[in-house]
Amino acid sequence: MFGYGRSHFTWNGTLRELEGSCPSCSSGRGRPRMTASPSSSSGLEVLLSTLQNAGDVESTLNILNVLDELLSAGTDRRIQYMISKGGSEALLTALVNTGRSFSPNYTLLLPLLHLLAKVGHRDRRIGVKAEDAGAALLTLNLLRHNVQHARRAAACLWVIQVFSSSVSTANLIGANHGLEDIYRLIPQYTTKHLHAIKAAIDAFAALLCTKANVCSVVSKGYVSGLLRLYEDWHGKGTQPAAVGICHSLLRCLHKVTHSTAGRQALVSQGGIRLLYGTTQTCLLGNGLESLVEPSVQLMRKCLPKTPLPLTSDRSAYSFPVPGRPHAVPEVEAEPDEKTEESDDEEAEDNKEPDFDDDLETDLNKLRTRPDPDRPKDLLPQYSRLCPELSHDFQELGLSSEPEESSTSSSSSSDEEDVPLGGSRCRRSSRDGGRSAASHDPEGHAAAAQLEPRDFHSHSSILSTGPSFRTKVREARDEAPACQREEAQDNDEKEEEIADESHHRTTIDRLLERHGACIPHHEPKLYRAAAAKTNSIPGFSILAFPDFWGHLPPPGHEPMAPRKPNIQRQKVFEDAQRFLTTDGIINQVVFDLEDSSLQCPSDSLRFFSKFECGNLRKAVQVRRHEYDLILNADANSSQHTQWFYFEVSNMVADVPYRFNVINCEKSNSQFNYGMQPVLYSVREALEGRPHWVRTGTEICYFRNHFCPAGGRRKTTFYTLTFSISFKHNEDVCYLAYHYPYTYSALKAHLKLLQEALDPATVFFQQQVLCGTLTGNPCPVVTVTACPASRGWRDMHQLRNRPCIVLTGRVHPGESNASWVMKGTLEFLCSSDPVAQSLREAFVFKLVPMLNPDGVVNGTNRCDLNGEDLNRQWSKPDPVLSPTIYHTKGLLYYLNSIGRTPLVFCDYHGHSRKKNVFLYGCSVKETLWQSGSAVNTVGLKEDPGYRTIPKTLDRLAPAFSFNSCNYLVEKSRSATARVVVWREMGVLRSYTMESTHNGCDQGIYKGLQTGTRELQEMGVKFCHSLLSVTKDVKTLHSQRLISHVDLDHSGLDHKSHTCFEDDEPPCVEEIEYSADCPAPEGADLDSDVNGNTASADEEDEDGDGDGGRRGAKHRRGSVGQSQPPRGRLIPHPTRPASAEPLGERRTPLSERRTPLSERRTPLSERRTPLSERRTPLSERRTPLGGVSVNGQMKS
């Protein structure tokens, strides 16, 4: 029951009263009669029909009040139902009919405008409807006639604001000088009519949704006026209403700065300096915090775009790709959105609404196996990569090592043929085969005197070439001779041999004095492997951590807590660089392309010209702040995320800020507790050779830099962090994640082969193919040697199912290599589980699918500028040889009936926590996509879930709830999908390992280190026990005791696997497109404040009137019950001639006489006969309005 000035109210009684008291419903004014019987139309339709045809004021007011009460009592569904029944059109018709008269009745117009604002706010097409009905310009005319009347003007402004949701309507109002009229209504600071002033600013902001209106505002110089208004209101008003007006002014500025001209106008008028100053004031004052974030966002958006200080956006490394011209033209390619903004297998997280559209719904593509991409007669060449099928095991029972094939990568020849590459893979002989010289006491003395600063990469200690003698002399304070006599060729050769011998002797002494015992790492072996590694620039320097080795730190490293508002602080510091030059240095201190650059003595020194290194340029911004620019992938102008560089010449305990300013991913785990890693040479020499997580004040956000060429639409992001180094003049290395080089892999495989027992472990390392630069891509076969050469044992060996594991197709995902390292070491170990797995399976491992990318420090691509994990459908044998031949091996295994039981490609994920798998399922893809295909009759083996479920029990870092098994169109050319679709491998996976850490289980809140990553590689091997045929044997008590099934600590919390597992960052990473609305702000609450009675409103000019009226405001329609009869206003008064904020009304006119306020008692009561309604009339048709006023859907 609802009342509107009467004690009791019934729907049907009101409808009968309206029909009887409204002559226009039956005849009059030339309009046809519009009636609707309750049996055929709902009560709401009757009300709307009557509203459009009502002729008397009382009936119309009653209908408006009924509609307001009805819509205010429920949720937005009621308003949407009213809109669907033509509610907007009915209100617009009533507005046009009432407003077109020579002397409009504002007693009727005000509630009509108020209700139209509330309903239209939720009607997406209200602007178009208003334009068609002629209500847009009519409302603008009403505003012009009521600029001296705050309540009327505010009502018109709210309706204009609602109408402006349509671009065409906003343009129409702007073309009829609506912008100028509304702009003139915004005064300097005042305490009067604040609701009307705010309505004017909000309407002005709404009109700025179109380019034409924005251009008009900029051309008329209104940007300067808006800035001055904001400065005035901000400096004088602290009450909530004034703060709301400041917020609305910021919204206007946000709208204007959507255009380049608007941003330029704001900057030229000193807008950034004004915003910076007012924001600092907000941080000091109470009640102004809500203005800080929109001001910061506006500053970020308007900071002038600054090109990167590079000569070209293309990588500093270029390589002549076969079949392409060597001189690559300076053409800025558009970014590949499918790969640039996502890690491999990552759904495009910033495009969540399109996720289902990316799912494959074609059942034929999901179930039909495509034809092979090559003829079958090319497959027998891969038989050599299955040595377990042809090896005769003559050495069984002997102590010698197994005979290596002619293609084994452990061959000692300096040059070897690669049968599968189509080219010859040449190995450099820089390391030579020279024997070490005899013990040199001078070398021992030199080693004892070397300091950590002597190990920076400019020195020759870590050189792979024979040039160490000069450094030894410097260490002994012996100046080298300025001139040398010419010697014969044989003398030079002897000098070179002696120099190399001196070098090796000193390295031996250093290792003897300082070296740590690192499992499966030998520095001298690493140096020998690195000397044979080919690179584009011809690296001749080793990074100390790669040479010396790494041990995991003794304890776990927690995620870094995020300092509150740290991003805001960094943005302020960046804005200061624009506003003032005090303390700004802006000097280049490192340039990868300029080796002659002299570094100032008091600045940090940088270096990155070594394997896996990536730093293109370093600019000293302030005394202890540096901008770092990363090198794009070779032969490309994009994919900048991975970094690895050396830094030296530091002062201890001084916070240095580093800004990596050309990152490309739209979000990063650096916003969620991840830290970069650091390696200290001094710490290593003191027995602590650890890569450790480091850095404070870390955040990742969009910046104002743009490509140097200015033609490519690329958005750059800043990773900023601060580091206080422990030691003076140390040499440190910083990296995105724990580096793992190609040379480290080669050395590691050699050590594994030397350490295992050839009588029990069959370990064969071969060359899959040569890469574009001639580096051999190793493939490893691991299985158990047969117990004997008897037929039964040999038959069991040659019928073992295969498991194929690959990794590091993306060079920047170094965590994948650490997981692979754990897998390799476990499979070669004497662990009983490893022994059983070797006896059950033949493992084929390609540990590094992209050696060239790893060597040259790229993030995602090979040297051809392509993402190799998008080439699996039809790989090019010349441009993508590693993918082509790995796929060829899989084809071969399939052709001989040995289709792999499991295929897994190891990857890293930069935007999610934990470790998880992606697989392939027809049914789950169709279910998730909402396909109409009936899946009841589809039969699918659920075995693809076996390994994920097992890992969920075994591996603390693994999250089963983050796994998914969907086949996406954008992933159709990835290894996982191609191997599943073309080879029929049911268990075809991508394993994603986080760069950060875990949010579940025993590792919750901890960052993963190399120990945890290697453990994950071991646990994956353990999970393979679940897919063996001889389950009973492998799950014997002997093995169970070696597999940790205690999952009591695994507290896996469920996450939606189709989205990022992170909540939105606490601070905006992107620029806000619009000014964020203040908490609790709502058009409904503003309108409700304007409909308050004369005793509660701000018509008397008191500055606190808005606060008195706020007691009766509700947050929005449907959130709380409003006061009864709000829409029926008191008699209005003639408008005065003064503008908003300046007029004063005589006291005698402000108050309504008591006699007019009160309604006679006889009129308040409804006769009993009219209160009761027959039962037959109370029922409402389905979809209408019930007797108690509840809307039925």
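**Figure 1. Overview of the predicted protein chain.** Of the 1193 residues in the protein chain, 59% are buried (under 20% relative accessible area with a 1.4 Å probe, protein chains only; exposed is over 50%, and partly exposed lies in between). This is a predicted model, in which local features need pLDDT of at least 70 and side-chain atom pairs count only at pLDDT 80 or more, while totals for chains, interfaces and linings use all residues. Residues are numbered from 1 along each chain as its sequence is written, and side-chain values use heavy atoms, leaving out hydrogens and water. The chain holds 48 helices and 24 strands (DSSP runs of H or I, at least four residues, and of E, at least two, numbered from the N terminus).

**Figure 2. Close-up of helices α3 and α6.** Here α3 (residues 57-73) packs against α6 (residues 106-120) at about 25°, with axes 10 Å apart (lines fitted to C-alpha atoms over the stretch in contact, with angles from 0 to 180 degrees between N-to-C directions). The two are therefore roughly parallel (angles under 35 degrees). Look for Leu61, Leu64 and Leu67 among the α3 residues in the contact, and Leu108, Leu112 and Leu115 among those of α6 (contact: heavy atoms within 4.5 Å).

Figure 3. Asn565 is partly exposed, at 38% relative accessible area.

Figure 4. With 38% relative accessibility, Glu729 is partly exposed.

Methods. Angles under 35 degrees count as roughly parallel, over 145 as roughly antiparallel, 65 to 115 as roughly perpendicular and the rest as oblique.
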